[in-house]
Amino acid sequence: HDVVTHHDTPVDPGLFIGSARLDAKNFEEVLRVIRQEIETLKQKTVRPEDLERAKRHVLSGYYFSLETLQDQAGNLAENEAAGLDPLFTERYVRGIASVKADDVRRVAEQYLKEDQLTLVTLVPKETEKSPGTADTTIQGESVQKYLLPNGVRVLVQKDGIQPTVSLGIVLL
């Protein structure tokens, strides 16, 4: 369904994390393709347009993470709490702008090694339910079901712990 990667590298050695959501029957094939992509990173130079797109992605993510004063203060505090210069994240993101394609290949070769891999799988228990059925209770709370005139199904569950409203949308 999807493959996502991110990194957490405020100090060495840092982490490169990948996750995938998929049907269990596709596990071996997806794992093979992911390993193949990692090997490609080690052996071939990243295309300049892909590298520039990745740099823009990191930069835009950084700026979007600082939209409010609270976000900005949180960023400074997180850096300080980690024992870093409060402006570490800003310098880190600026440093990414100087990354070259050869750097990507060199770092992939140095760090993305099979003997440094931790692989975790979360596989749901098999159930008797057919696809599309849902429990009528979630964590002990009753779920109310509504069908709107346009055919949209709405599930509502009250959570009296927080005085907030949370909305999730799932589309076929």
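Here is a walk through this structure, from the overall layout down to single residues.

Keep in mind that this is a predicted model, in which local features need pLDDT of at least 70, side-chain atom pairs count only at pLDDT 80 or more, and totals for chains, interfaces and linings use all residues. Residues are numbered from 1 along each chain as its sequence is written, and side-chain values use heavy atoms, with hydrogens and water left out.

Let's start with the layout. The chain has five helices and five strands; helices (H or I, at least four residues) and strands (E, at least two) are DSSP runs, numbered from the N terminus. Going from the N terminus, the elements come in the order β-β-α-α-α-α-α-β-β-β. Of the 172 residues, 10% count as buried, where buried means under 20% relative accessible area, exposed means over 50%, and partly exposed is in between (1.4 Å probe, protein chains only). As for contacts (heavy atoms within 4.5 Å), take those in the chain with a separation of 6 or more: residues 24 or more positions apart account for 40% of them.

Strand 1 (residues 2-8) and strand 2 (residues 15-21) pair in the antiparallel sense, over seven bridges; two strands pair if DSSP finds at least two bridges between them. His6, for instance, has Ile17 in strand 2 as its bridge partner. The two strands make a hairpin with six residues between them, and Gly14 in the turn has a positive phi of about 75°.

Now to helix 2, residues 48-64. Its 17 residues should span 24 Å at 1.5 Å a residue, and since its end C-alpha atoms are 24 Å apart, the two agree. The expected span here is 1.5 Å times one less than the number of residues. Leu51, Lys55 and Tyr62 are the buried residues of helix 2. Looking down the axis of helix 2, you find these buried residues within an arc of 35°, so they line one face of the helix; the arc is that of the directions from the helix axis to the C-beta atoms. Turn to the face that points away from the buried side, and there are the exposed residues Arg56, His57, Tyr63 and Phe64. What covers the buried residues of helix 2 includes helix 4 and helix 5 (101-111).

Phe88, Thr89, Val93 and Ile96 are buried in helix 4. Seen down the axis of helix 4, its buried residues fall within an arc of 130°, so they too line one face of their helix. They pack against helix 2 and helix 3 (69-81).

Why does Thr89 count as buried? Its relative accessibility is 18%, and the cut-off for buried is under 20%. The side chains of Thr89 and Asn75 are joined by a polar contact of 3.2 Å. A polar contact is a pair of N or O atoms within 3.5 Å; within protein, one must be able to donate a hydrogen and the other to accept it, and residues adjacent in sequence count only if both atoms are side-chain atoms. Leaving aside neighbours within four places in sequence, Thr89 is in contact with Tyr62, Asn75 and Asn79.

Next come the charged pairs. There are twelve salt bridges in the structure, each a side-chain nitrogen of Lys or Arg within 4 Å of a carboxyl oxygen of Asp or Glu. One of them joins Asp85 and Arg91, with the closest N and O atoms 2.8 Å apart. Asp85 counts as partly exposed at 39% relative accessibility, and Arg91 is partly exposed at 40%. Another links Arg94 to Glu90, the closest N and O atoms being 3.4 Å apart. Both lie in helix 4, four residues apart, or about one turn of the helix. Arg94 is exposed at 53% relative accessibility, while Glu90 is partly exposed at 32%.

In helix 5, Arg106 and Asp103 sit three residues apart, again about one turn of the helix. Their salt bridge has its closest N and O atoms 3.5 Å apart. Finally, Arg47, Glu49, Asp50 and Arg53 are linked in a network of salt bridges.
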